[in-house]
Amino acid sequence: MTIHNEISRKRTYDNKVIFIDGYWRSGKSLLSPLVGTFNGVDKVKYDYHTEWTCILAHLNLIDSNAASVLLKTYLDLYTYNNYIGREINLRPKDDSSVFKNPNTFKFLKRILKNDKKDINEQIEKEKPIQLINTHNIFQMVEPLLEAFDGRIYLFRCIRNPVSNLTQWAEYLEMIGKSPKALNIYKTKMEVPWYVPDELIDIYVRSPSIDKAAISQIELEKLADKRLKNLKSLETRYLTVPFEHFIINPNKWMQKISKILKIPESNKIEKFYKRYSLPRPKKKEQEYEKNKKILLSSIKNKDIKNKLEINIIKYEDNYENF
């Protein structure tokens, strides 16, 4: 008897997908509704299943084919559920709320759609572009490239660690203590997937702010590796530095419009006002003070030195206007 244990998914909706990716507190929730103003782009989805699948593939716990099939299946499910309004979020304060996304009334009307045979035909004809918000998926992007090939667009939000590392520390403090920390962790000690084996003991013994610094250092290493090998995605990828974006959002939305080949919507000005854009450039004296406070709080000298190198690199690449 022949055993067929390879899974596949050849037939999909074949629609485009936009990933708004990045570190925690890097501007993803700011960029997502603005990208959502483009014609044909669907309501944003905060997607953990895709993250978890990519993590498992990155750790070689599932093979690339299984990861690809899962990712395609998830996207088709999100496309279908979005189209019939099955997962409309009515919580006003949530970033994924229908009230914080463009075309609120359009999405609310979907609740009334009947789940009939012609719904599938409508989706295949319209091919609604899916908008997905993820964390640190760029660092393990290979499964996405294999699954979606020429229909994926990725906009990666980045931000100076001086501005957000303290908030990272607060989040990392929940790991192993709160079920609200929804991620995949390694070993019984539950360390984040990106911490290399040789640093696990150091990570576990470190205070929260040092853990945040280790996280930034290791995630940046992985990102640098991916940036050197982006030929298959280079025309559909954009790095969006938070500090530049908030000062001149129109410039960056024009870049995104060009990549997507979709004209900007006249609704975008409304969302600029909602999110207080553009914003003034931060004061250099205040920034230097915050940087000094952050670096002085790092206990491990080696970690502190590596973080300082990353901060300087960020300043050189993205702080010059």
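**Cores and cysteines in a predicted model**

Modeller: Phenylalanine 19 touches Thr50, Ile132, Thr134, Leu144, Phe148, Ile152, Tyr153, Leu154 and Phe155, leaving out residues up to four places away in sequence. A contact means heavy atoms within 4.5 Å. This is a predicted model: local features need pLDDT of at least 70, side-chain atom pairs count only at pLDDT 80 or more, and totals for chains, interfaces and linings use all residues. Residues are numbered from 1 along each chain as its sequence is written, and side-chain values use heavy atoms, without hydrogens and water.

Colleague: What makes a set of residues a nonpolar core?

Modeller: The set holds buried Ala, Val, Leu, Ile, Met, Phe, Trp, Tyr and Cys residues, joined through side-chain atoms within 4.5 Å. The largest one here has 53 residues. Phe19, Leu144, Phe148, Ile152, Tyr194 and Leu307 touch the most other members. Helix H9 (residues 208-227) gives the most to this core, eight residues. Helices are DSSP runs of H or I, at least four residues, numbered from the N terminus.

Colleague: Why is cysteine 157 called buried?

Modeller: Buried means under 20% relative accessible area (1.4 Å probe, protein chains only). Cysteine 157 has 2%, so cysteine 157 counts as buried. Cysteine 54 has 0%, so cysteine 54 is buried too.

Colleague: How do you know whether cysteine 157 and cysteine 54 are bonded or too far apart?

Modeller: A disulfide is a pair of cysteine sulfur atoms within 2.5 Å. The sulfur of cysteine 157 is 17 Å from that of cysteine 54, its closest cysteine sulfur, so the two are too far apart for a bond. The structure holds zero disulfides.

Key
Buried means under 20% relative accessible area, exposed over 50%, partly exposed in between (1.4 Å probe, protein chains only). Helices (H or I, at least four residues) and strands (E, at least two) are DSSP runs, numbered from the N terminus.
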